[in-house]
Amino acid sequence: MSSRRTRHILSLSGGKDSTALAIYLRDRIPELEYVFCDTEKELPETYAYLDRLEAYLGKPIVRLKHDGRGFDHWLVVYRGFLPSTQMRWCTKHLKIRPFEQYVGDDLVINFIGIRSDEDRLGYISTKPNIEPRFPFKEDGIDKARVMRILDESGLGLPEYYRWRSRSGCYFCFFQQKIEWVGLLDAHRDKFLEAMAYEKIGDDGQRYTWQQDESLEELSQPERIAQIRAEHQARIEREQIRRPNSTLMELFEGVTTNLLDAPCTICSL
Ligand code: SF4
């Protein structure tokens, strides 16, 4: 029989659901290890939220970083092609690999913050020594309950929720246009850094975060006004459909419903 001990690890994304799970499990599983895969391209609000969570837990959150080969290294390897829904090399190199290296060959139960009202699985490691567990699914904990857990802990929601509906890198290509506008408002420096990654090659090849427009195009005042107006119209339509929702819920609804394939390991 194997004498290897089993480790219990919770993957944090800096988002509300995994944070609520950390709070939920703190006293239930005292030996729990908390880990966060830091791409070094996260939002300042994410780092601040993790610091507050760490204080609440009274235990360190292990920040897993890449092995010296960060985003800019891989961008060169991928010949300047920014990650996209079709080629999500960022998640592989900056989230999954550091996690799997941290785990090594240990037997691990990996706790994942997917709620009972969600229809997705999240990141499932293909390594046989990592067994995923979904306590919120098992215990029927939905979004309303998650919000209560966060409220009662005093942590509330991460600050970026005012303008963005999920955690992840500041330049994440899963962002909706209104979230790019939110980034420009909240962190002009980060928006400009994201813009600096975009290039138009000599052959006309566009290396941009979104296929249909560059950030330079998106940041023109008329375009911003148009994006805001379209977003407002969507919110109003959603308000008719869900009259009892808060503004934040409406915002989340119109931004996440549009996603083709939500980023699962990066935003929970
Ligand atoms: S948050 Fe987005 S950009 Fe960052 S690693 Fe995840 S998918 Fe890639």
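Which residues have the most contacts inside the largest nonpolar core? In this predicted model, they are Phe71, Phe171, Trp180, Tyr197 and Trp209, and the core has 34 residues.

| Helix | Residues |
|---|---|
| Helix 3 | 71–77 |
| Helix 4 | 89–103 |
| Helix 7 | 177–186 |
| Helix 8 | 188–196 |
| Helix 9 | 215–218 |
| Helix 10 | 221–241 |
| Helix 11 | 247–256 |

Helix 7 gives this core its largest share, 5 residues. Both domain 1 (6–162) and domain 2 (177–256) put in at least three residues each.

Now pick out Phe71 in the structure. Setting aside neighbours within four places in sequence, Phe71 is in contact with Lys41, Leu82, Pro83, Trp89 and Leu94, as well as Phe171, Tyr197 and Trp209. There's also another core, apart from the largest one, with 25 residues, including Tyr34, Leu57, Ile141 and Leu155.

Arg4 tells another story. You'll find Arg4 in the segment before strand 1 (6–12). Its relative accessible area is 43%, so Arg4 counts as partly exposed. If you skip residues up to four places away in sequence, Arg4 touches Asp105, Asp106 and Leu107. From Arg4 to Glu222, the C-alpha atoms are separated by 61 Å, and these two residues sit 218 residues apart along the chain.

Definitions and conventions. Residues are numbered from 1 along each chain as its sequence is written. This is a predicted model: local features need pLDDT of at least 70, side-chain atom pairs count only at pLDDT 80 or more; totals for chains, interfaces and linings use all residues. Side-chain values use heavy atoms; hydrogens and water are left out. A nonpolar core is a set of buried Ala, Val, Leu, Ile, Met, Phe, Trp, Tyr and Cys residues joined through side-chain atoms within 4.5 Å. Buried means under 20% relative accessible area, exposed over 50%, partly exposed in between (1.4 Å probe, protein chains only). Helices (H or I, at least four residues) and strands (E, at least two) are DSSP runs, numbered from the N terminus. Domain bounds come from an automatic or database domain assignment. Contact means heavy atoms within 4.5 Å.
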